[in-house]
Amino acid sequence: MTELINILFNPLSNGIMTVLTGLSVVYWLFMFLMGDGVHLFDADADVDLHPTPDVSDVDGSHDIDAGGTDHPHHHTDSDAPTEPGFFAKAMDYINVGKVPIMLIVTMFKFIGWVLTIISSLYIDVASWGIKSVLILIPVFIVTFFFMHFLTKPLARMFKNIGYNGEESHDFLGRMGKMRASIEGKKIGSAEFVIQQDPIRLNVVSHNGEKIGYGDDVIIVDESKDKKYYYVTKEITIDNI
């Protein structure tokens, strides 16, 4: 038992991953004990890129409609958002938005934890001291690529059972915070809290105005192809 505990928490890199994985286990246990279920099939657990954009579709050739004539700015072909950035592509690569985020996060931690433990058995990471945390960099990179292949069958499974995330109309009027800076036709992400679950969506500035990282925003419309949401800055005392 002592040897097992030593492996789980020594070196520091092992300890970090053991704690992170343990937190995910506690989360799932808590969900079961609270009687709320695991929420694997609820869109409330789905974040980021909902729906996940296909990069090949974002070439400016689609008709992105602001939806109706009541809005002051009508989006046409020339206003189509630009190609998603690196972060959006990275999240799409591991199928975020097609598989519930908490499942992806748990899998990422578990795989990273296993790889970290294995690396400490074959490499004398313990002799690195506090620098042993550096082993997590290649571990996370390898885990990221593993996730692409491990989540592909899950994405197909969730698609076959009709998992499409929360209905779009439920997002209209939601308020959240920007997790990127956007301006003009640039695509960025914003985080919204739905029933205590953080959800990230692809967003575009409704009127092309600059919206900075951390700004409070409100969803005012959805693109015609249902891949993006249009947001404006939330009116507060600070920005009146």
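Is Asn95 buried or exposed? At 6% relative accessibility, Asn95 counts as buried, where buried means under 20% relative accessible area, exposed over 50% and partly exposed in between, with a 1.4 Å probe and protein chains only. Asn95 is found in the loop between helix H3 (86–93) and H4, and has a positive phi of about 65 degrees although it is not a glycine.

The model is predicted, so local features need pLDDT of at least 70 and side-chain atom pairs count only at pLDDT 80 or more, while totals for chains, interfaces and linings use all residues. Residues are numbered from 1 along each chain as its sequence is written, and side-chain values use heavy atoms, with hydrogens and water left out.

To begin with the overall layout, the protein chain has 5 helices and 5 strands; these are DSSP runs numbered from the N terminus, with helices (H or I) of at least four residues and strands (E) of at least two. From the N terminus on, the elements run α-α-α-α-α-β-β-β-β-β. Of the 240 residues in the protein chain, 41% are buried. Among contacts (heavy atoms within 4.5 Å) with a separation of 6 or more, 68% are between residues 24 or more positions apart.

Axes are lines fitted to C-alpha atoms, for helices over the stretch in contact, and angles run from 0 to 180 degrees between N-to-C directions. Ile7, Leu8 and Phe9 of H1 make the contact with Leu12, Asn14, Gly15, Thr18 and Val19 of H2. In the loop between H1 and H2 lies Pro11, which a cis peptide bond joins to Asn10, with omega about 5 degrees.

Further along, helix H4 (residues 101–122) and helix H5 (residues 136–160) pack at about 140 degrees, with their axes 9 Å apart, and are therefore oblique to each other. The residues of the contact of H4 with H5 divide into 16 nonpolar, 4 polar and no charged; here Ala, Val, Leu, Ile, Met, Phe, Trp, Tyr, Cys and Pro count as nonpolar, Asp, Glu, Lys and Arg as charged, and the others, Gly among them, as polar. Residues of H4 in this contact include Leu103, Met107 and Phe108, and those of H5 include Phe140, Phe144 and Met147.

Aromatic rings deserve a look of their own. Rings of Phe, Tyr and Trp (its six-membered ring) pair if their centres lie within 6.5 Å; planes under 30 degrees apart count as stacked, over 60 as edge-to-face and the rest as tilted. By this rule the count comes to 7 aromatic pairs. The rings of Phe110 and Trp113 have centres 5.8 Å apart and planes at 45 degrees, so this pair is tilted. Both residues lie in helix H4, 3 residues apart, about one turn of the helix. Phe110 is partly exposed, at 45% relative accessible area, and Trp113 is also partly exposed, at 21%. Phe171 and Tyr229 form an edge-to-face pair, 5.5 Å centre to centre with 70 degrees between the planes. This pair links distant parts of the chain, 58 residues apart. Phe171 is buried at 1%, and Tyr229 is buried at 0%.

Note on methods
Parallel < 35°, antiparallel > 145°, perpendicular 65-115°, else oblique.
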